[in-house]
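Trainee: Please take me through how the labels on this structure are assigned. I would like each value set against its rule.

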Amino acid sequence: MATKAGKGDGKQTKGKLRTSKNKTEGAGGGGGDADDFEAWMKSRQLLKPDDQLDLTEAELGEEITKVLTPTNTNIIRNLVVYSFKEGEFVLAPVPGNTVTLIAFPGNSLHVDSEEGRRQIEESDEIGYPLPMPNYTVVEQRETDNVDGEEGEGEEDDDGGNAKDGGGEDEDVEEEDDEEAKGTEGDEGEGEGEGEGAVARQEDDEPAQQAAAVSSKKRKLINQFNYCERGALTYTNPKRNVDTQTIPPPRSQFGANVLQWVIYDSYMENFAESQKDGSKKEDRKRGRREKKFRDKSAIAEQLNKKYLKCWQILERMINQNIYDDIAHDYRYWEDPADEFREGEGNLLPLWKFQYDRTKKMNVTDILFNPSYYDLFAVCFGSHDFMKQTNEGYLCLFTVKNPSFPDYIIQTDCGVMCCDIHPTYPFLAVIGLYDGNVAVYNLREDCKEPLYVSKGVNCKHGECVWQIKWGLDMADGEVNFFSVSSDGRVFNWILMQNKLWVTTIITLYRENGLVDGPDGTKITLKSGGSCMVFHPVDNKVFLVGTECGYIYKCSTAFSSKYLMTYYAHNMSVYRIDFNRFNSNIFVSCSADWRVKVWEDMRPDPLFIFDLGAAVGDVKWAPYSSTVFAAVTTEGKVHVFDLHVNKYKPICVQAVVPKRKNKLTRLSFNEKLAFIVVGDEKGVTTSLKLSPNLRMMVKPPKKQLYLDQHTLQTGKLEKLLSLVRELPEGGTVVPDAATTVRS
């Protein structure tokens, strides 16, 4: 009936909708909501992407089957392990594909299992014992009409006991009400009877518990204090061992005991006791000295920590004081270089000096190969008639221009130094007396690690230059030195001493002269500088005091590879080009700077600077830029690509009459140089943009790096210079000399 009624209602509803629809059409005269929806759907256009792939009907109807497998891709297959039993590698079994995400250990046992059956037998229970209800003892009062049969029925039937107990509870409550109305005597009598019933029930409970304990079948083993007899240690029986030894030798002694014999024995005993006392005092003194040394060591460690903190604080103060100079050191760009083509200038920055070296000459300057802001300065004397009794090697940093970070003091002037390229904490120095020393900057700079000792283990005269060499095949560290005695030494750092070997003796060519006794003597050339080839580490150049440059090799010492008749006076410095190892430059006391090509007897460029040239260096950032310092106190900067005839910058750094420049060094990372003078002052100078111009790559070769562009720029310049004039004669020295 409900279903029919529902259908009837639906028909009536449809009729109503039709009636309302007809009314709406008659009233409005237009289409309804359905017509609007159809018109809106027809106006929509489906947009198709331009890159949509067109498929045929066959491709659209094709079914693509995808198979899912439960294979675990993270399992390592073909895994082998070594089997000690078989003595070879065997395949390990592949684990299953099941991955355990979470696991909880349980303590439930199956009823039919062996362990569950054993537990049931031992405890007569399944699982853990269930908690028993705590029954309270209720006082009972026996009535006169209670028979003994009811008591026996209660003991035999548990169900009846529960029902009778309920009835007894009700009787007890009624009896309590009657006792409240009764006399005191009745109360005492009722209480006595109740206590007797409680006592009988409590006596029955221990008997039931004893019966339950006796029902256990076997005794459990104590698992916490159990030891099998088979594991007990066997006690060996005692044995008696008898040995027989040779009796000690015996001798008879007899003497007369006199007063002086007793006196002498007492004096000997007294002397021995005095020695023992002195030994004890020595031990006590040694302990006190050890404690003092320990305290001094602790104090020294604290001083080092304090010194480091003070150094950091000093750097911060100096950076605040010289804030303007620090800003120029990094970001200074001279805008005037845009209006002067082919010229530049130098901006003075900091001046580095040490109070104890004010009257000494700067004999060498070298930047640390690992820390670009740290450089070493050697202090000695170039005047042989005014030698000082001490020398210094100071390491300055641009972060603290007021005081050196490391100070090494020697007994005579320090003439040269070098820092190891691989171990930047190892510094080697050459001294005026011909000795050499190696220092570890990480430890105490007061004592050297190695120092040359003895007459045969040193140079006969001043050491002018020293250079670290490549590590030997056995990993031993070594270095080379050249001196005025005409010998080049190779020093090897052994475990506890220096091992010296003579590499070559600089004999002059055609230097045979008659001696005082009529014998022939071969003259030597005093070495003044040396430099190793940047590519071939066995080849090196040696400059001499007579103006020659010898090309030598460490492989043999009896012959020169090449002799350059370079200068008329002592050669002060030689330096290889950073971008072409066949090009090097030299300077001398004859006022000239010459640019050479390897195995070419004549120089490519000759420049006359008008004064003795103390040092010359190639720039690390450009293949055609080098700088030189003169005794007039000027710095000359050349760029052969811009001007092949004169320097593009000449600037006086110190007064001409009062001071002279001695040494020069380029920074390897930033565009500034450091120069030293005869007053012990080291000055840093920033190069203007025209002195450090980089090569712009062509538009079609933007991928070329700066090293390739610099090499190409130098090769283009050398190709023009290598061409000889007509007739094949070399241009004379005077004609190519340029005065600046």
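Mentor: A nonpolar core is a set of buried Ala, Val, Leu, Ile, Met, Phe, Trp, Tyr and Cys residues joined through side-chain atoms within 4.5 Å. Buried means under 20% relative accessible area, exposed over 50%, and partly exposed in between, with a 1.4 Å probe and protein chains only. The model is predicted: local features need pLDDT of at least 70 and side-chain atom pairs 80 or more, while totals for chains, interfaces and linings use all residues. Residues are numbered from 1 along each chain, and side-chain values use heavy atoms, without hydrogens and water.

Trainee: Which residues have the most contacts inside the largest nonpolar core?

Mentor: Val593, Phe605 and Phe626, in a core of 20 residues. Among the residues that valine 593 touches are Phe605, Phe626 and Ala628, a contact being heavy atoms within 4.5 Å.

Trainee: Why is aspartate 615 called buried?

Mentor: Its relative accessible area is 1%, and the limit is under 20%, so aspartate 615 is buried.

Trainee: What makes the pairing of aspartate 615 and lysine 617 a salt bridge?

Mentor: A salt bridge needs a side-chain nitrogen of Lys or Arg within 4 Å of a carboxyl oxygen of Asp or Glu. Here the N to O distance is 3.0 Å, so the pair qualifies. Lysine 617, at 18%, also counts as buried.

Terms used. Lists of a residue's contacts leave out its neighbours within four places in sequence.
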